[in-house]
Amino acid sequence: MAEQPHAEDAGHKPETLMEKIADKLHVGGGGDHHSSSSDSDHDERPRPSAPPAPAPAPAASEVTTASFASSASAAAADAKNRMFRLFGREQPIHKVLGGGKPADVFMWRNKHISAGVLGGATAIWILFELLGYHLLAFLGHALIFSLGVLFLWSNASSFINKSPPRIPEVIIPEDLVVNIALSTRHEINRAFANLRQIALGRDIKKFLIVIAGLWLLSILGSCCNFLTLFYIVFVVLHTVPVIYEKYEDQIDTYGEKGWIEVKKQYAVFDAKVLSKVPRGPLKDKKN
C-alpha cells in the first residue's frame with residue numbers, strides 16, 4: 001500500500017515534464033503566430049507614397065550651350081544699343097514721338113485710324129488749298145448746316161415719332177487748360193533762353209544750326225503758304241517714322257557715314273573760320 005502512491009508519483013513525473021514541454025511549445029507557437037499576424041497586419045497597412053524622383057540634371061554640354069546662347073544674345077543686344085542712332089537718340093522711335101495715342105497714329109499701329117486721320121487732313125488741304133475755300137466761310141456754312149438740321153430734327157421729332165437728338169454737353173475742364181498753358185509757357189521760356197544763349201555768341205555750332213534752319217524755313221515759306229507747309233509736315237510725320245522703323249539699321253549705317261563726313265568738314269571749317277571769330281564772354285557780368 002505504501003508503494004502505490006510512490007508508483008503513482010513516479011508515473012506522474014514524466015507526464016508533468018511532458019506537459020510543461022507541450023505548454024512551452026504551445027506558448028512559443030502562439031507567440032510566433034502573434035508575431036506573424038502582426039507582421040501581416042503591418043504589411044497590410046498603407047505605406048506613404050514615395051517622393052517623386054528628381055528631374056535629371058541637364059548635361060554639361062546643354063548648360064554650356066544655354067549659357068553661350070544667353071551671352072551671345074546679350075552681346076548682340078549690347079552691340080545694337082551701342083550702334084549709331086540718328087540725332088543721338090537712345091529710345092525707340094515710338095518713345096521719341098511721345099508715346100501714347102498720337103505716336104500710335106503716326107506709327108500706323110491702327111491702320112484704320114491712321115488712314116482716317118491722313119485722309120481727313122488731305123480733304124481739308126484739298127478743300128482750302130485747291131478749291132480756294134476760306135476758313136471763316138467754311139466754319140460759318142458748317143455751323144449753319146448743323147444747327148439747321150438739329151433744330152428741325154428737335155421740332156419734328158414729335159411728328160415723325162422719333163426721339164429728339166441727344167446733344168452732348170461740352171465742358172472744357174479747367175485742369176486741361178491750365179496744364180496746356182503751363183506746358184506752353186515752359187517751352188516758350190526754354191526757347192527764349194536758347195535764343196539768348198545763341199545771341200550772346202557762346203555756342204557757334206548751335207548758332208549755325210539755327211541760322212540754317214531759319215533759312216530753310218524761309219525758303220519753304222516763299223514756295224508755299226502755311227497750310228501747305230503744315231500738310232507737308234503732317235504727311236512726313238505719317239510716312240518717315242514708319243519707314244525709318246522698318247529700315248532702322250540700314251538708315252543708321254548711312255547716317256553714321258554721313259555724320260562722320262559732316263564732322264570732318266566742320267572740323268576743317270572750324271579750324272579755318274570759326275576759330276578766328278571772337279566769342280562773347282563766358283559769364284554774364286553782374287552789376
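**Basis**

The model is predicted: local features need pLDDT of at least 70, side-chain atom pairs count only at pLDDT 80 or more, and totals for chains, interfaces and linings use all residues. Residues are numbered from 1 along each chain as its sequence is written, and side-chain values use heavy atoms, with hydrogens and water left out.

**Overall fold**

The protein chain has 10 helices and zero strands. Helices (H or I, at least four residues) and strands (E, at least two) are DSSP runs, numbered from the N terminus. Read from that end, the order of elements is α-α-α-α-α-α-α-α-α-α. The chain has 287 residues, of which 10% count as buried. Buried means under 20% relative accessible area, exposed means over 50%, and partly exposed lies in between (1.4 Å probe, protein chains only). Among contacts between residues at least 6 apart in sequence, 59% join residues at least 24 apart; a contact here means heavy atoms within 4.5 Å.

The UniProt record, an unreviewed entry, places the feature "transmembrane region" at residues 134-153 and 207-237. UniProt positions are given in the numbering used here, feature names are shortened, and annotations may be inferred rather than shown by experiment. The two spans are set out below.

| Span | Helix | Strand | Distance between end C-alpha atoms |
|---|---|---|---|
| Residues 134-153 | 95% helix | 0% strand | 29 Å |
| Residues 207-237 | 94% helix | 0% strand | 26 Å |

**The nonpolar core**

Leu118, Ala121, Trp125, Tyr231 and Phe234 make up the largest nonpolar core, which has five residues. A nonpolar core is a set of buried Ala, Val, Leu, Ile, Met, Phe, Trp, Tyr and Cys residues joined through side-chain atoms within 4.5 Å. Helix 5 (111-130) and helix 9 (226-246) each supply at least two residues of this core. With three residues, helix 5 gives the most. Once neighbours within four places in sequence are set aside, Ala121 is in contact with Tyr231 and Phe234.

Helix 9 has 21 residues and reaches 31 Å from its first C-alpha to its last, close to the 30 Å expected at 1.5 Å a residue. The expected span of a helix is 1.5 Å times one less than its number of residues. At Val236, helix 9 bends by about 30°; the bend is the angle between axes fitted to the seven residues ending there and the seven starting there.

The buried residues of helix 9 are Thr228, Leu229, Tyr231, Phe234, His238, Pro241 and Tyr244. They pack against helix 3 (93-96), helix 4, helix 5, helix 8 (204-223) and helix 10 (248-272). One of them, His238, counts as buried because its relative accessibility is 1%. Leaving aside its neighbours within four places in sequence, His238 is in contact with Val105, Phe106, Trp108, Ser114, Val117 and Leu118.

For the 25 residues of helix 10, the span should be 36 Å at 1.5 Å a residue, and the end C-alpha atoms are 36 Å apart, which agrees. Glu248, Asp252 and Gly255 are buried in helix 10, and the buried residues of this helix pack against helix 9.

**Residues outside the helices**

Trp108 is found in the loop between helix 4 (100-106) and helix 5. Most residues other than glycine have a negative phi. Trp108 has a positive phi of about 60° although it is not a glycine. Its relative accessibility is 27%, so Trp108 counts as partly exposed.

Val277 lies in the segment after helix 10 and is partly exposed, at 39% relative accessibility. Val277 and Ile204 are 73 residues apart in sequence, and their C-alpha atoms are 9.4 Å apart in space.

**Cysteines**

A search of the whole structure finds zero disulfides, where a disulfide is a pair of cysteine sulfur atoms within 2.5 Å. The closest cysteine sulfur to that of Cys223 is in Cys224, 6.5 Å away, which is too far for a bond. Cys223 is exposed, with a relative accessible area of 63%, whereas Cys224 is buried, with a relative accessible area of 18%.
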